[in-house]
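Here is a short report on one protein chain. Look at the sequence and the structure first, then read on.

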Amino acid sequence: MKHKYLLLILPALLLCLYACKKAAQSKAITLTGRWFITKHDLKLLKGGVQVGQTIRTDYTSDDFDQFFDDGTGYQSARGNNNSPSLNTFHYTFKDSTLTIYINASPAVVEKVTKLTATEFAVHYETEIADPNNPGQPATEVDDYEFIRQAL
């Protein structure tokens, strides 16, 4: 009699353990989704020395990047006329390198410094012309932080 109850209980117990194991498996973290900009830290370097910095944190719900699984996306940014502008792009993401392609513009290559289920951060540097000294290069360093839209 005890063996009959054991045979009835054992399959139910195994089913519960399997269901718990399946729920515990984590979902892969991807760029796919809507990421709201929360911070932009811009630094200006001349000859490797920082000569300026601007930190912006006053973003709205209109300021975000949307990434799709197919390697496309769009960026929404609050414009001067209080309506958002939309820019479409293509992207590739491999290891920690995110490359953004916007129309015929040169690709923007960014280093992903953080990617979790809810946070995303990128870093990139570009050489620009020094507005005060034509012909003298300067380096612009951009660090952006994002949070994922709650589902």
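The text below covers the overall fold, the strand pairing and the salt bridges.

**Overall fold**

This is a predicted model. The protein chain has one helix and nine strands. Along the sequence, the order is α-β-β-β-β-β-β-β-β-β. Of the 151 residues, 23% are buried. The accessible surface is about 10,800 Å², and carbon and sulfur atoms supply 58% of that surface. Among contacts with a separation of 6 or more, 41% join residues 24 or more positions apart.

**Strand pairing**

Strand β9 covers residues 137-148 and pairs antiparallel with β1, residues 33-46, over 10 bridges. In this pairing, His40 stands opposite Tyr144 of β9. Strand β8, residues 119-129, also runs antiparallel to β9, with 11 bridges joining them. Here Ala121 faces Glu145 of β9.

**Salt bridges**

The structure holds four salt bridges.

| Pair | N to O distance |
|---|---|
| Asp41 and Lys43 | 3.0 Å |
| Asp62 and Arg78 | 2.3 Å |
| Glu119 and Lys114 | 3.2 Å |

Glu119 is partly exposed at 34%, and Lys114 is partly exposed at 36%.

Note on methods:
Residues numbered from 1 in each chain as written. Predicted model: local features only at pLDDT ≥ 70, side-chain atom pairs only at ≥ 80, totals over all residues. Heavy atoms only, no water. Helix = DSSP H or I, 4+ residues; strand = E, 2+ residues; numbered from the N terminus. Buried < 20%, exposed > 50% of the residue type's maximum accessible area, 1.4 Å probe, protein only. Contact = heavy atoms within 4.5 Å. Areas by Shrake-Rupley, 256 points an atom, 1.4 Å probe, with all protein chains shown as cover. Pairing = 2+ DSSP bridges. Salt bridge = Lys/Arg side-chain N within 4 Å of Asp/Glu carboxyl O.
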